[in-house]
Amino acid sequence: MTAGERAGVALRRAVASDAGAAAGVWLRSFAAALPGVVRPRSDDEVREYFRHVLAPRRETWVAEAAGDGVVGVLVLEGGVLEQLYLEPGWRGRGIGDRFVALAKERSPGGLSLWTFQVNAPAHRFYERHGFTAVERTDGSGNEEREPDVRYVWRP
């Protein structure tokens, strides 16, 4: 079993053909974790964004489970952790921990990310991984217009 594979789940760079599955994970995860947050983009627009921007132009990784396909997605842009979403039924199995370890490995000088203030489970998750909340906003700077918080990790 390689470092990128554990318990039948492999972490690997996304390829173009993963865009649809990764977008599906994002859509289901967002709906489950953030039911009160209004998305400014339709499902089709999210799929197009994965197909034309994230998969081909960003450092996009997927978690692929044997027999279940793509169950997680991680997107990095320089020192920014842009996206980390897991299939709802796959939360709590260590995949998010592995994605954060990978992100730290890829950005050893530090990472930052934004998450919504209403997403308390994400706050606990990132704080457990050494991230510190450094800024809170009223949401006027994001598409959802949802109050958010910026987290930073420094080695």
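Reader: In which strand is Ala-133 found?
Author: This is a predicted model, in which local features need pLDDT of at least 70, side-chain atom pairs count only at pLDDT 80 or more, and totals for chains, interfaces and linings use all residues. Residues are numbered from 1 along each chain as its sequence is written, and side-chain values use heavy atoms, with hydrogens and water left out. Strands are DSSP runs of E with at least two residues, helices runs of H or I with at least four, numbered from the N terminus. The run covering residues 132-136 holds Ala-133 and is strand β7.

Reader: Does Ala-133 count as buried, partly exposed or exposed, and at which relative accessibility?
Author: Buried means under 20% relative accessible area, exposed over 50%, and partly exposed in between (1.4 Å probe, protein chains only). Ala-133 has 33% relative accessibility, so this residue counts as partly exposed.

Reader: With which residues is Ala-133 in contact, leaving aside its neighbours within four places in sequence?
Author: Contact means heavy atoms within 4.5 Å. With those neighbours left aside, the contacts of Ala-133 are Val-149, Arg-150 and Tyr-151.

Reader: Which pattern does the protein chain follow along the sequence?
Author: The secondary structure of the protein chain comprises four helices and eight strands. Read along the sequence, their pattern is β-β-α-α-β-β-β-α-β-α-β-β.

Reader: What percentage of contacts in the protein chain between residues at least 6 apart in sequence join residues at least 24 apart?
Author: Of the 155 residues in the protein chain, 46% count as buried. Among contacts between residues at least 6 apart in sequence, the share joining residues at least 24 apart is 59%.
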